[in-house]
Amino acid sequence: MGNADYSYPAENVECSHRVAIPPPQPFTKSFANNLKETFFPDDPLRQFKNQPLSKKLKLGVQYVFPIFEWGPRYSLNFFKSDLIAGITIASLAIPQGISYAKLANLPPILGLYSSFIPPLVYALMGSSRDLAVGTVAVASLLTASMLGKEVDATENPTLYLHLAFTACFFAGVLQASLGIFRLGFIVDFLSHATIVGFMAGAATVVCLQQLKGILGLEHFTKSTDLVSVMRSILSQTHEWRWESAVLGCVFLFYLLVARHCSTKRPKLFWISAMAPLTSVILGSILVYFTHAEKHGVQVIGHLKKGLNPISITHLAFGGEYMSTALKTGIVTGVIALAEGIAVGRSFSMFKNYHIDGNKEMIAFGMMNIAGSFTSCYLTTGPFSRSAVNFNAGCKTAVSNIVMAFAVMLTLLFLTPVFHYTPIVVLSAIIISAMLGLIDYNAAIHLWNIDKYDFVVCMGAYLGVVFGSVEIGLVVAVMLSVLRVLLFITRPKTAVLGNIPDSRIYRSVDQYTNANNVPGILILEIDAPIYFANSNYLRERIIRWIDEEEDRIKSSGESTLQYVILDMGAVGNIDTSGISMFEETKKTLDRRGLKLVLANPGGEVIKKLNKAKFIEALGQEWIYLTVGEAVGACNFVLHTYKPKSTTDQSEPWSNDSSNV
């Protein structure tokens with residue numbers, strides 16, 4: 001095969017522009033550039049360039065504490081908006097804080113503590129104007145699930161409490177470290193599909209566990225999977241309390257109706273925001289006057305007055321349970337970070353401003369470290385509370401400060417009011433909030449757009465619902481990593497054809513009117529070439545050639561003589577990739593085919609040159625564009641002449657067709 005029986009006059013081949021090889025660059029400079037792109041893609045030090053020392057100090061303080069940047073521009077009109085928003089989210093934060101603390105098997109008062117100190121820290125260090133800080137259901141469930149496996153919260157409440165503080169500390173250290181060392185890209189391994197499935201699964205599990213409160217059960221399984229929960233519920237039908245169930249269903253219906261009204265008419269957001277606190281007040285009044293606690297309706301009981309006690313001395317850094325606290329802190333910290341940053345970015349897009357992901361990580365980390373010292377457990381930026389803050393018209397993070405002061409007043413004066421709050425109302429509040437996290441529309445969207453993303457989503461969901469929260473998270477991350485590996489190890493390749501009446505070459509699968517070029521096979525490689533995919537690409541290229549030759553034989557077209565590789569999408573290559581090219585060239589030479597490269601990038605051509613591959617291939621067989629490569633090959637195919645028997649030169653020699 002090939003044109004071994006022919007030669008062609010080299011002087012008649014038209015010349016094109018030569019593919020440039022980038023000038024050599026010192027390794028230290030190249031390494032520094034790669035390091036900068038990896039850890040400092042946003043160039044955070046740019047604002048410090050060419051500034052006097054005093055200005056640099058001022059900018060440094062503003063970078064760490066953004067409040068000093070926007071604070072001088074703060075106005076009374078802004079405060080009016082933030083005051084309304086802060087009071088509104090406080091009305092939601094108080095009942096939610098108590099509810100989520102119960103979900104974490106912690107004293108209810110910790111939910112209020114966690115809505116006081118962390119929001120103040122975030123207001124100083126956070127870059128989001130709309131994020132409302134507080135506890136979240138998923139992190140609370142994870143805390144209960146992971147710590148509960150080692151320590152029983154009922155039998156050993158003090159140790160369990162200390163481990164919760166320690167886990168919060170480790171989560172804060174992890175979050176702050178990721179921000180300080182610019183490692184936020186690690187969180188990106190939790191894809192959108194992963195988060196949708198995981199959150200929906202966790203919400204389902206949380207709702208199922210709240211049936212304990214709705215039905216007034218005193219004994220309940222510690223497992224979180226669907227089978228165990230349903231077995232526990234159905235095996236105790238004789239202990240169901242109809243009074244509690246009726247009360248729970250009534251308040252749940254009220255909460256869902258309130259949320260529906262706010263969804264249909266966003267201006268009525270305050271109805272949904274006030275509904276949880278209204279439910280707590282009405283439920284407490286009902287229990288107080290009817291003495292329902294004597295008829296099977298469980299109540300919160302005594303909540304002590306006073307601000308957050310110091311808990312730094314209670315952190316359990318030693319002993320057999322430290323590893324449990326560390327593992328809990330890492331898992332809950334990553335989940336809380338992913339949720340908080342995703343929520344912050346979502347609302348920043350609505351108001352057209354930018355939030356710094358790494359600064360957010362530092363802010364989250366510092367508020368959780370401070371929280372672990374002041375009797376708080378893990379906090380982040382929950383969607384429901386942030387949505388209320390956004391709809392209430394907040395202007396800055398001062399709304400968090402207002403909320404914190406409202407919670408402070410509650411801690412100082414109003415905690416006795418919550419003594420008669422029925423547990424069933426807290427369960428209804430949690431269920432109504434969790435139903436909003438089951439985003440079935442997002443799952444349908446994933447199915448319509450990308451089936452593999454849907455599989456990742458459902459893997460996370462089913463793993464949480466039928467296994468555990470940890471299993472669901474591991475399954476989701478593994479599926480996401482598997483997809484990344486598939487992208488890397490099995491990159492896309494495509495046959496290109498000519499768009500009629502043009503010099504444009506596109507995939508024949510995408511453009512059905514694209515025509516194959518006789519005697520030439522054009523292949524596009526759509527990924528960097530590394531050790532992980534080099535063998536696959538070599539085999540895939542040979543398979544494309546075999547398929548093309550079979551097609552030519554069946555159609556009776558002219559024989560295949562050139563293989564052009566479009567390398568426009570090959571951003572980089574390693575030594576394994578270079579070896580792949582060398583082996584592919586040898587294989588093609590044995591089959592009488594000529595390898596031609598088109599549009600190689602600077603990094604690729606530089607490495608190919610250092611490896612002497614360009615010298616082996618010939619500079620004249622490297623082109624700027626696919627069009628130029630096809631033109632040169634066509635010129636050879638249509639201007640060759642029969643080769644004389646005495647001419648022993650290489651059929652591919654073409655010294656003047658330089659590119």
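In the predicted model, helix α7 (residues 137–148) and helix α9 (residues 192–209) approach with their axes within 10 Å and cross at roughly 70 degrees. Angles of 65 to 115 degrees count as roughly perpendicular, and α7 and α9 are therefore roughly perpendicular to each other. The crossing of this pair, α7 and α9, is left-handed. On the α7 side, Val 138, Leu 141 and Leu 142 take part, meeting Phe 198, Met 199, Ala 202, Val 205, Val 206 and Gln 209 of α9. Eight of the residues in the contact of α7 with α9 are nonpolar and one is polar, while none is charged.

Helix α6 (residues 117–125) packs against helix α15 (residues 357–373), the two axes coming within 8 Å and crossing at roughly 150 degrees. Since angles over 145 degrees count as roughly antiparallel, α6 and α15 are roughly antiparallel to each other. Their crossing, that of α6 and α15, is right-handed. From α6, the contact draws on Ile 117, Pro 118, Val 121, Tyr 122 and Met 125, and from α15 on Lys 359, Glu 360, Ile 362, Ala 363, Phe 364, Met 366, Met 367 and Ala 370. The contact of α6 with α15 comprises 11 nonpolar and two charged residues, with no polar ones.

Helix α6 also packs with helix α17 (residues 398–414), at an angle of about 160 degrees and with the axes 8 Å apart. The helices α6 and α17 are therefore roughly antiparallel to each other. The crossing of α6 and α17 is left-handed, whereas that of α6 and α15 is right-handed. Pro 119, Leu 120, Tyr 122 and Ala 123 of α6 are in contact with α17 through Asn 400, Ile 401, Met 403 and Ala 404. By class, the contact of α6 with α17 holds seven nonpolar residues, one polar residue and no charged residue. Tyr 122 of α6 is listed both in the contact with α15 and in that with α17.

Residues 510–633 are listed by UniProt, in an unreviewed entry, as "domain: STAS".

The mean pLDDT of the protein chain is 85, with 93% of its residues at 70 or more. Over residues 1–15 the pLDDT stays under 50, and the model has 47 contacts beyond four places in sequence for this stretch. Residues 641–659 likewise have pLDDT below 50, and 47 contacts beyond near neighbours in sequence are present there in the model.

Terms used: Residues are numbered from 1 along each chain as its sequence is written. This is a predicted model: local features need pLDDT of at least 70, side-chain atom pairs count only at pLDDT 80 or more; totals for chains, interfaces and linings use all residues. Side-chain values use heavy atoms; hydrogens and water are left out. Axes are lines fitted to C-alpha atoms, for helices over the stretch in contact, and angles run from 0 to 180 degrees between N-to-C directions. Helices (H or I, at least four residues) and strands (E, at least two) are DSSP runs, numbered from the N terminus. Angles under 35 degrees count as roughly parallel, over 145 as roughly antiparallel, 65 to 115 as roughly perpendicular and the rest as oblique. A crossing is left-handed if the near helix is turned anticlockwise from the far one by less than a right angle, and right-handed if clockwise. Contact means heavy atoms within 4.5 Å. Ala, Val, Leu, Ile, Met, Phe, Trp, Tyr, Cys and Pro count as nonpolar, Asp, Glu, Lys and Arg as charged, and the others, Gly among them, as polar. pLDDT is the predictor's confidence in each residue, from 0 to 100. UniProt positions are given in the numbering used here, feature names are shortened, and annotations may be inferred rather than shown by experiment.
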